[in-house]
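This briefing gathers the main points of a structure for computational work.

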Amino acid sequence: MHRAFLLAAALLLICGCGVPQQLSKQAEEVHSVAAEGALLAHEASEGSLDTFTREHAKALRKLLGQLRPAIEDDRLAHTSDSVDAALANLAEHPGDRTNAGRLESRLEDAAKAADELAG
Amino acid sequence: MKNVFGIALGILAAIGGFVDIGDIVFNVAAGATFGYQLLWAVVLGVGGIITYAEMCGRVGAVSKTAVFDAVRERLGFGVGFVALLAGELVNLMTLAAEIGGVAIALQLLSGLSYRALLVLAVLVLALVLWLMPFQWIERIFGYCGLALLVFVVAAFKLHPDWGAVAHGFVPSTGSGNGWVYAYFLVGLAGAAMIPYEVYFYSSGAIEEQWGPKDLGLNRANAVIGYSLGGLLSFALMISAGALLLPQGINAELLGTAALVAEAPLGQAGLILALVGILFAVSGAAIDSAFAGAYSVAQFFGWEWGKYRHNAGAPRFTLAWMVMIVLAFLIVVTGVDPIMVTELSVIFSVVALPLTYIPILLVANDRAYMGNYANGVVANILGVFYLVVVLVIAVAAIPLLVLSNMGQG
């Protein structure tokens with residue numbers, strides 16, 4: 001049992017715990033979080049459950065937070081920070097439909113910017 | 001009429017109880033990554049679970065032999081003990097992932113702290129296991145899990161390209177990263193054939209005191225229940241393929257699955273998806289805790305079974321309690337339940353042959369089964385799936401590494 005856990009831990013290290021190092025992969029990941037954030041914001045603007053919007057936005061920020069230290073490219077770092085700020089805003093005001101509509105546009109723009117960096 | 005009603009209730013419970021966190025994670029992620037291309041992998045996995053669930057239900061009904069009775073008897077103590085350790089490790093990882101999934105679903109519904117909800121989830125699951133009769137547990141969680149049918153409606157409302165969907169049922173080598181495609185193929189088949197389902201189904205046949213007269217019920221539950229349960233897997237993958245793939249969204253969170261139902265169906269879709277996920281994952285947590293206790297009790301010849309009540313099978317009761325405590329200790333460290341889910345599915349694939357080989361041997365033994373031993377069709381399917389299981393068992397760990405856990 002002990003050996004199996006060690007094997008699992010070793011495999012995770014070999015896999016690099018899923019944090020991509022290449023710029024294109026990092027940009028794809030930022031694009032994914034931004035696009036999902038835009039979808040979440042869209043649903044919030046239509047009237048979603050506040051709790052779900054807040055908790056899912058926080059979970060998306062956490063995903064981005066795992067990637068952020070590995071990002072070295074300035075343009076992608078800026079886009080990532082902009083996505084993080086929009087998600088923080090959404091998590092703070094999940095029931096504000098007008099604000100959610102604005103955040104949807106911001107996140108869509110960020111998703112496009114990340115997509116361009118992904119190539 | 002009463003019998004037909006009983007069969008229908010059993011089938012409904014099987015549909016609602018089919019999907020667990022592994023199915024949700026792998027089907028939504030596969031849809032987001034490859035669209036509908038891997039639908040055939042679900043067919044492959046569902047065919048495997050139907051074949052072996054029917055076989056072990058028949059063995060249980062006719063010979064009163066559960067899976068780990070057969071494992072010890074057919075593989076001997078040494079190899080059987082290795083099978084037990086492998087099975088228990090996988091059960092524990094699965095249980096940890098399911099408990100984490102319950103806490104995430106509760107968090108998305110309540111907004112309370114994840115760790116507090118982990119404690120709440122474990123306490124409620126332990127109370128249910130302690131207090132509720134077997135049939136109630138099976139039915140309540142199965143029926144409430146039927147809320148996941150919202151994904152079938154979502155799949156239609158998202159207007160997928162049905163031609164491409166139909167094409168997805170034809171086996172192919174897929175486009176895109178080959179290692180990632182193969183990783184998802186193994187994960188999808190493994191999630192459908194996960195060993196705890198077989199341990200639970202087999203022991204359930206004995207819990208419900210099936211006899212030869214119940215073989216029709218066994219076949220109906222296995223064939224119709226799991227096929228319709230597979231429909232939920234198709235719906236998850238089709239919905240994710242229609243909504244997430246075009247937008248370049250990777251599905252890395254349990255909440256993403258709920259969002260897939262919300263987009264076409266609004267708040268009602270979101271609530272049904274979250275409730276369905278909560279009950280499906282809670283039911284799977286109970287099944288995997290019981291499966292772990294069944295395995296160890298059967299292997300060592302202890303008294304086991306919910307029908308004996310807690311005091312009537314004390315070591316069995318202690319075994320599921322220990323499983324729950326260990327699983328809690330794993331998830332409370334803060335490890336990501338989604339990562340534990342993926343690892344549990346991949347490791348369970350490696351353990352699958354040690355579960356399936358003894359079932360096939362016992363189901364063929366006329367000394368045990370008499371006229372109810374495997375016929376030609378059951379043997380052809382049994383051997384075919386054994387080969388499939390052996391191939392994916394060998395490929396699982398290398399693919400985990402080569403595909404970077406499906407990240408490419």
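Predicted model: local features only at pLDDT ≥ 70, side-chain atom pairs only at ≥ 80, totals over all residues.

Helices here are DSSP runs of at least four residues, numbered from the N terminus. By that rule, His159(B) falls in the loop between helix H7 (150-157) and helix H8 (162-168) of chain B.

- Most residues other than glycine have a negative phi.
- His159(B) has a positive phi, near 50 degrees, and is a residue other than glycine.
- Gln209(B), which is not a glycine either, has a positive phi of about 55 degrees.
- The loop that holds Gln209(B) runs between helix H10 (195-207) and helix H11 (215-247) of chain B.
- Gln209(B) counts as exposed because it has 12 C-beta neighbours inside 10 Å.

**Chain A: overall make-up**

- Chain A contains 5 helices and 0 strands, so that its elements, read from the N terminus, run α-α-α-α-α.
- Of the 119 residues in chain A, 40% are buried.
- When contacts in chain A between residues at least 6 apart in sequence are considered, 79% join residues at least 24 apart.

**Chain A: helices H2 and H3**

- Two packed helices are described by the angle between their axes and the distance between the axes.
- For helix H2 (residues 23-46) and helix H3 (residues 50-67) of chain A, the angle is about 170 degrees and the axes are 10 Å apart.
- H2(A) is therefore roughly antiparallel to H3(A), as angles over 145 degrees are classed that way.
- H2(A) contributes Gln26(A), Glu29(A), Val33(A), Glu36(A), Gly37(A), Leu40(A) and Ala44(A) to this contact, while H3(A) contributes Thr53(A), His56(A), Ala57(A), Leu60(A), Leu63(A), Leu64(A) and Leu67(A).
- By class, the residues of the contact of H2(A) with H3(A) are 8 nonpolar, 4 polar and 2 charged.

**Chain A: two individual positions**

- Pro20(A) is located in the loop between helix H1 (2-15) and H2 of chain A.
- With 18 other C-beta atoms within 10 Å, Pro20(A) is partly exposed.
- Beyond its neighbours within four places in sequence, Pro20(A) is in contact with Lys25(A), Gln26(A) and Glu29(A), and also with Gln407(B) of the other chain.
- Pro20(A) and Ile71(A) are 51 residues apart along the chain, and their C-alpha atoms are separated by 9.2 Å.
- Glu116(A) belongs to helix H5 (residues 97-118) of chain A and counts as exposed, since it has 11 C-beta neighbours inside 10 Å.
- Between the C-alpha atoms of Glu116(A) and Glu29(A) the separation is 13 Å, and the two residues are 87 apart along the chain.

**Chain B: helices H4 and H5**

- H4(B) and helix H5 (residues 114-131) of chain B pack at an angle of about 120 degrees, and their axes are 8 Å apart.
- The two helices are therefore oblique to each other, and the crossing of H4(B) and H5(B) is right-handed.
- On the H4(B) side are Ile99(B), Val102(B), Ala103(B), Leu106(B) and Gln107(B); these meet Tyr114(B), Leu117(B), Leu118(B), Ala121(B) and Val122(B) in H5(B).
- This contact of H4(B) with H5(B) comprises 9 nonpolar residues, 1 polar residue and no charged ones.

**The largest nonpolar core**

- In soluble globular proteins, nonpolar side chains tend to be buried together.
- The largest nonpolar core has 188 residues, of which Ile99(B), Ala105(B), Leu188(B), Ile277(B) and Ile359(B) touch the most other members.
- H12(B) gives the most to this core, supplying 27 residues.
- Apart from neighbours within four places in sequence, Ile99(B) is in contact with Leu118(B), Ala121(B), Val122(B), Ala285(B), Ala327(B), Phe328(B) and Val331(B).

Note on methods: Residues numbered from 1 in each chain as written. Chains lettered and ligands numbered in written order. Axes fitted to C-alpha atoms, helices over the stretch in contact; angles between N-to-C directions. Parallel < 35°, antiparallel > 145°, perpendicular 65-115°, else oblique. Left-handed = near helix turned anticlockwise from the far one by under 90°. Contact = placed C-beta atoms within 7 Å. Nonpolar A, V, L, I, M, F, W, Y, C, P; charged D, E, K, R; others polar. Buried ≥ 20, exposed ≤ 12 C-beta atoms within 10 Å, placed from the backbone. Core = buried A, V, L, I, M, F, W, Y, C linked by C-beta atoms within 7 Å.
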